[in-house]
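Thanks for coming. I have one structure to go through today, so please have the sequence and the model open.

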Amino acid sequence: MSFPLFLRRPFSTSIKCSYRTKNIPEDIIAKAITTQPKRRSRSKDVQSVKDTKPEAGPQSASAPKPARKARTPRASTLPVDRFNLPPRSKWRDYFPISGMIFKSRISIANPETAALVADSFVPSGSRDKVIVEAYPGPGALTRALMQLPKERIRKIIVLEDVEQYLNFLKPLQEADPRVQVLPMNGFSWDSYHQLEVGGFLDDVEKIPWNQPNATLHFISHLPMDVLGEQLLAQLLRCAPEQSWLFKHGRIPMSYLMHDWVWDRISASTEDPARCKLSVIAQAVSEFNHNIDPRLLVPYNSHFYPDATNPAQTSKTENRRRGTPFIAGTFRPLEHQIIQSGMLDKWDYCLRKLFVLKSTPLKNAVGHLAPGSDVLRSYLTDDNVRPDQRADMTKVIKKMSVGDWAAVVGAFDRWPFAPEELLITDSFSRDDRA
């Protein structure tokens with residue numbers, strides 16, 4: 001029987017001694033006590049020096065330095081006109097680039113680039129769109145969306161919880177009744193739950209899955225840290241279950257993201273960058289560039305903050321600042337390869353097998369669970385349907401989405417498959433950030 005960590009220490013101490021104590025004569029003990037040296041008393045002068053508080057004045061070299069805070073302008077320093085963004089050269093005065101909140105945030109800074117991206121996300125022919133925009137930053141793209149012909153967009157719901165950005169976003173809703181700025185985190189499930197509870201999407205029709213939803217549209221800058229990639233992976237995983245905003249149907253999702261994330265998503269079976277995200281994205285959606293990526297380089301001409309010289313930093317997140325961006329849109333497939341209720345099994349099989357990505361499937365399948373070697377027959381026997389068969393000689397990283405569907409299907413049919421699948425990337429209300 002195991003005990004919690006805080007209970008183990010008392011139980012590790014024995015109550016009885018296993019050895020016999022010696023009888024020491026009392027006169028020896030008394031002599032030892034009287035001959036012990038007395039503890040030196042602390043000098044009153046030393047004590048008084050330590051108890052004396054230093055007077056206000058310049059700090060000495062040995063004094064601890066105060067904690068460094070993110071550079072944040074006071075309200076009195078903000079410009080009166082915050083409907084229009086300040087010149088790019090002044091952004092550093094209002095939008096910090098250091099600290100946990102800001103280091104992963106990249107935003108469009110060039111108004112012409114923002115207009116180009118906005119027009120590609122919501123092109124001519126769009127009507128009465130309801131936009132949910134996450135991670136808008138200072139709002140250059142938001143402003144570009146507002147400037148599109150009004151018949152294209154009926155409502156823009158902006159999710160942003162960083163005060164420095166909200167200072168320049170709130171004036172937009174005061175100037176345009178179509179804009180609603182909500183101080184919410186775009187990564188948190190509860191933010192989207194509150195959209196439903198608050199009635200912000202009551203006027204959005206729920207469209208049957210066999211038809212695309214031409215009204216609701218999700219748009220976001222994707223943060224450049226691991227949470228950005230995790231957010232995209234989680235939202236893609238909502239498509240098979242028709243959860244999240246997919247309750248309203250097959251809505252498009254448009255992102256500004258680093259090209260290295262796009263390379264992982266779009267990696268083919270012959271591409272070394274192929275990974276779990278590649279398989280999930282290709283199983284649930286189709287995707288494409290909205291504009292030629294060459295129009296978004298050089299980085300410093302279009303985005304903020306400026307690129308970091310890789311030679312001047314060892315931090316991965318800083319070295320990524322300045323890598324090219326792409327604008328892309330994902331559209332859920334009508335016929336989902338990942339069936340409803342099977343997402344956890346896909347996650348389990350992908351996680352278990354991708355650690356052996358250079359191993360042939362025939363050797364790797366036994367690592368799914370004890371006894372899972374038997375799945376070879378589920379995938380190769382003569383009586384197995386063609387769509388349930390897999391090439392066992394393929395290495396894991398070169399398996400197609402169809403191969404993965406066959407493996408997960410065999411795992412699902414196996415009566416001794418484990419029921420507790422503890423590893424998952426699914427997006428639920430328990431995944432709060």
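Leaving aside neighbours within four places in sequence, which residues is Arg321 in contact with? What you are looking at is a predicted model, and in it Arg321 touches Ile97, Lys103, Ile106, Met224, Tyr299, Pro305, Asp306, Ala307 and Thr308, with those sequence neighbours left out. Arg321 sits in the loop that runs between helix 12, residues 316–320, and strand 9, residues 325–332. Its relative accessible area is 7%, and buried means under 20%, so Arg321 counts as buried.

Now the overall numbers. The protein has 433 residues, and 42% of them count as buried. Its secondary structure comes to 16 helices and nine strands. If you take contacts with a separation of 6 or more, 74% of them are between residues 24 or more positions apart. The accessible surface is about 24800 Å², and carbon and sulfur atoms account for 52% of that surface.

Seven strands make up an open sheet with mixed pairing, and the order is 4-3-2-5-6-9-7. At the edges are strand 4, residues 179–182, and strand 7, residues 285–289, each of which pairs on one side only. From one strand to the next, the twist averages 20°.

Strand 3, residues 153–159, runs parallel to strand 4, and four bridges join the two. Ile157 is the residue standing opposite Gln180 in strand 4. Helix 7, residues 163–175, lies across strand 3 and strand 4, and its direction is at about 145° to strand 4.

On the helix 10 side the residues are Arg264, Ile265 and Ser266, and they meet Leu277, Ser278, Ala281 and Gln282 of helix 11. By class, that contact has three nonpolar residues, three polar and one charged.

Helix 13, residues 343–354, packs with helix 16, residues 401–413, at about 110°, and the axes are 10 Å apart. These two are therefore also roughly perpendicular to each other. Helix 13 contributes Lys345, Trp346, Tyr348, Cys349, Leu350, Leu353 and Phe354. The residues they meet in helix 16 are Val401, Trp404, Ala405, Val407, Val408, Phe411 and Asp412. The contact of helix 13 with helix 16 divides into 12 nonpolar and two charged residues, with no polar ones.

One last residue. Is Ser191 buried or exposed? Ser191 is buried, because its relative accessible area is 6%. Ser191 is in helix 8, residues 189–197. Not counting residues up to four places away in sequence, Ser191 touches Met184 and Asn185.

That is what I had. I will take questions now.

Technical notes:
Residues numbered from 1 in each chain as written. Predicted model: local features only at pLDDT ≥ 70, side-chain atom pairs only at ≥ 80, totals over all residues. Heavy atoms only, no water. Contact = heavy atoms within 4.5 Å. Nonpolar A, V, L, I, M, F, W, Y, C, P; charged D, E, K, R; others polar. Buried < 20%, exposed > 50% of the residue type's maximum accessible area, 1.4 Å probe, protein only. Areas by Shrake-Rupley, 256 points an atom, 1.4 Å probe, with all protein chains shown as cover. Pairing = 2+ DSSP bridges. Axes fitted to C-alpha atoms, helices over the stretch in contact; angles between N-to-C directions. Parallel < 35°, antiparallel > 145°, perpendicular 65-115°, else oblique.
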